[in-house]
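Please keep the sequence and the coordinates at hand.

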Amino acid sequence: MKKVYFLLMVCFCFNASFGQDKQTNEGVLSNRDTIRSIIPIKKQSLLRDVDVIFNTRVAFNSGFLDGSHTGSKFNYDQLRLEIKGKIHEKVSFRFRDRYTREPIPGNLDNISRSVDMAFVKVDLSPRTNFTIGKMCADWGGYEFDFNPIDILTYNDIIENADNFLVGVGVAHTFADKKNSLSFQILNSRTKTFQEQYGATAPPDITPSKAPLAFVANWRSSFFDGKLETTYSYSFFNEAKNSHMNYFALGNKFTANKLVLYYDFQYSKENIDRKGIVSNIISSQYQYAAQDATYLENWLRAEYLVTPKVNLLLTVMNSNHSWEGNPDANGCSKLSTSYGIIPTVQFMPFKDHNIRFYLAYTARKFNYTKYAETTFGVKDYSTGLLGIGLVAPLLVL
């Protein structure tokens, strides 16, 4: 609420400032200096380079479990306040706070988990910049590149990962403007090791004194922009001799009114960060799984039928395995999840990115016979029918 009050105060100050000439000319105020804007006139010009955006998705949702209706309600799925702009010719900032997440500070990075981004970027040259603060991990793949209001349901890796981390980064765009490289050094998580794993931490694991992540990303463009890629490799130092290696390969193909996205993601985790494998085996093993692997595919197609009607289809799957299974007669593969999201968007306004949508998210979670027999898990399915509005509302 403090942020909203601040914005209202700014608007009030501008109204007062812009109304001074009229009041003075009419004799209401005899001295222009009688009332001063809180924000000095010479600094108000900075706001020309500042955007204030309410990233919004609100809907009437109906949930289903194994085909049975579980309930319907109006829900604010997403509300993220974003403020970004330039404060100097070579210095810019970006701040985004999520009002649909509880604002609990992370004990490792000392900033609320509701804050997605809070960073400053400095242009070292026309094609090279340096960033410091809390930022998006520059992972490859287009699923995470989208504004969160545009993703109704994430695949398992991103849904269960720490996607916004504190650290530094440098990015360089090559002279051909078709290729760029970025490198980041970040905290590997928002919580301490004890917070993250608690009593489930394996007894033979020693927490790292430098829990850092190293992320490298290559973005490129081919065939006059018809094919674009964003590939990344990330190394996370979780604990002594316990690391996470994460690969994300994103591909985008554009042809007239059709846009196709395909992401391949693979995460090999010496200690299970996503928690999916650990939850499956929890009935028999009290500790977090070691040597867990996740392999995913994500496909999204968009087709603009008319300037006001857009059709979307998202298909995804995720495979969960336990390579460190101590059962000599067991298998590593434990489960697979599937998802399909057909969506229709209606865009009534030509000059504003406001979209009404109708979508159904269907998820299916299948366990292997070994997992069902050994850990007592059972297959299930979920559904979510949503009718709502999605828009990045630019208010300033």
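Contact here means heavy atoms within 4.5 Å. The model is a predicted one.

In that sense, Leu334 touches Val277, Ile280, Ile281, His320, Ser321, Trp322, Asn366, Tyr367, Thr368, Tyr370, Ala371 and Phe375, with residues up to four places away in sequence left out. Leu334 belongs to the largest nonpolar core, a set of 41 residues, where it is listed with Trp139 and Phe375 as having the most contacts inside the core. The element that gives the most to this core is helix 6 (residues 276-281), with 4 residues. A second, separate core has 7 residues, among them Tyr197, Ala201, Ala239 and Ile271.

Thr336 lies in strand 14 (residues 333-346). Is Thr336 buried or exposed? Its relative accessibility is 7%, and Thr336 therefore counts as buried, since the limit is under 20%. The side chain of Thr336 makes a polar contact of 3.1 Å with that of Asn319. Beyond its neighbours within four places in sequence, Thr336 is in contact with Asn317, Ser318, Asn319, His320, Lys364, Phe365 and Asn366.

At least two patch residues come from each of strand 4 (115-125), strand 5 (128-136), strand 7 (179-187) and strand 8 (212-222). Phe223 sits in the loop between strand 8 and strand 9 (227-239). With a relative accessible area of 63%, Phe223 is exposed, because exposed means over 50%.

How values were computed
Residues are numbered from 1 along each chain as its sequence is written. This is a predicted model: local features need pLDDT of at least 70, side-chain atom pairs count only at pLDDT 80 or more; totals for chains, interfaces and linings use all residues. Side-chain values use heavy atoms; hydrogens and water are left out. Buried means under 20% relative accessible area, exposed over 50%, partly exposed in between (1.4 Å probe, protein chains only). A nonpolar core is a set of buried Ala, Val, Leu, Ile, Met, Phe, Trp, Tyr and Cys residues joined through side-chain atoms within 4.5 Å. A polar contact is a pair of N or O atoms within 3.5 Å; within protein, one must be able to donate a hydrogen and the other to accept it, and residues adjacent in sequence count only if both atoms are side-chain atoms.
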